[in-house]
Amino acid sequence: MNSTADREAVVVSVRLVGSMQIGSNVLEVSDLMVALEAIGRTKSIKGLSETLGLSYRTAWCRLQMYEVALGQPLVRKTRGQGSELTEFGAALAEALTSAVAGLDANLGRETRAIEHRLRRLLTGRSEVLTLAASHDPLLIEVLRELPAEHGQIRLSVMGSSTAVKLLLDGGVDAAGFHCGALTPEQADVPFSGVSSSAGLVPRPLFEREQGLLLAPGNPLRIRTLTDLTAEGVRYVNRQPGSGTRIWFDRMLARAGLSPDAIQGYAVEEFTHQAVAAMIACGAADAGLGVRVAAERLGLDFLSVGWETYYLAASRSLASPLFDELVAAVRVRAAETTGYRLSREHKSGA
């Protein structure tokens with residue numbers, strides 16, 4: 001029987017296999033991709049034969065078999081320069097490579113989910129999950145207080161778009177993100193990739209109120225986005241890729257305002273608290289952030305609207321730890337100013 005240490009070292013490898021049928025001919029996708037890549041890289045049939053570990057004659061015959069099955073030439077010989085892929089061959093190679101790259105990301109996410117479930121089944125031990133998430137004060141507080149009975153969540157704080165890209169690429173187990181007033185389906189990439197068709201489930205954690213954080217008493221009388229362009233108003237921004245920055249840029253475009261007209265647009269901070277601190281110490285006059293950050297530092301707050309904050313993970317990741325996190329966050333959101341349960345959750349989502 002394997003020791004506990006042996007069982008903890010669970011590594012799952014899931015590989016893509018498949019075939020293409022054209023008429024009565026069946027081609028293995030992986031074999032065809034290797035052949036096309038070898039010719040594109042080495043510019044020679046000899047390079048193909050060496051890559052496949054076959055004789056020159058056998059490699060040439062295999063290439064001809066592919067061409068007959070596809071009904072198109074894949075390679076052209078050029079005098080003094082060896083061989084190269086035809087336009088059809090290059091286009092086919094690019095199509096297969098792009099498709100497999102997308103599928104590999106899905107396999108990466110599913111592989112992580114399988115490993116977690118298998119490790120829990122074999123060892124009975126608590127799990128360690130990785131979460132890439134956009135900054136939110138309430139979420140961070142709940143994570144710090146979460147009991148370790150079901151395991152540990154390792155949090156990395158980053159912009160929403162970066163977190164989602166990591167999830168889509170299979171680099172983390174879950175992503176916390178927001179798209180301003182839009183849903184993931186309405187937003188641009190990468191957020192639109194978080195969908196059931198990709199095997200992902202975006203769970204609404206809460207809604208939170210965002211607005212302009214302003215100096216106490218709002219001495220500059222800022223009432224609209226246009227007021228941010230007034231002489232002497234210093235803005236502090238969030239970093240590119242953050243959900244808050246994306247929302248701010250969207251609002252500017254809708255109002256017909258140029259970022260160049262806003263003094264401090266290029267001044268960036270990475271959290272809501274940092275933006276609030278800049279204003280509280282007098283280094284800036286305004287910045288977009290959540291209401292709770294304004295209240296904690298005694299700032300004025302001019303609401304621009306509510307947004308949903310999501311936690312997304314693979315549909316096959318059955319995790320008591322994430323279930324516990326979602327439940328705890330929703331309880332806290334229901335009793336915290338500037339937060340509320342999302343309408344999707346209230347309707348049973």
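1. Which residue forms a salt bridge with Asp 323? The partner is Arg 203, with the closest N and O atoms 3.2 Å apart. A salt bridge here is a side-chain nitrogen of Lys or Arg within 4 Å of a carboxyl oxygen of Asp or Glu. Asp 323 lies in helix H11 (residues 320–334) and Arg 203 in strand S8, 120 residues apart. Helices (H or I, at least four residues) and strands (E, at least two) are DSSP runs, numbered from the N terminus.

2. This is a predicted model: local features need pLDDT of at least 70, side-chain atom pairs count only at pLDDT 80 or more, and totals for chains, interfaces and linings use all residues. Residues are numbered from 1 along each chain as its sequence is written, and side-chain values use heavy atoms, leaving out hydrogens and water.

3. Look at strand S8 (residues 200–214). Twelve of its 15 residues are buried, so the rest of the structure largely encloses S8. Buried means under 20% relative accessible area, exposed over 50%, partly exposed in between (1.4 Å probe, protein chains only).

4. S8 has antiparallel partners. Strand S12 (residues 300–314) joins S8 through 14 bridges, and strand S11 (residues 286–290) through five. Two strands pair if DSSP finds at least two bridges between them. Leu 214 stands opposite Asp 300 in S12.

5. Strand S13 (residues 339–340) also runs antiparallel to S8, with two bridges. Glu 207 is buried at 2%, whereas Arg 340 is partly exposed at 31%.
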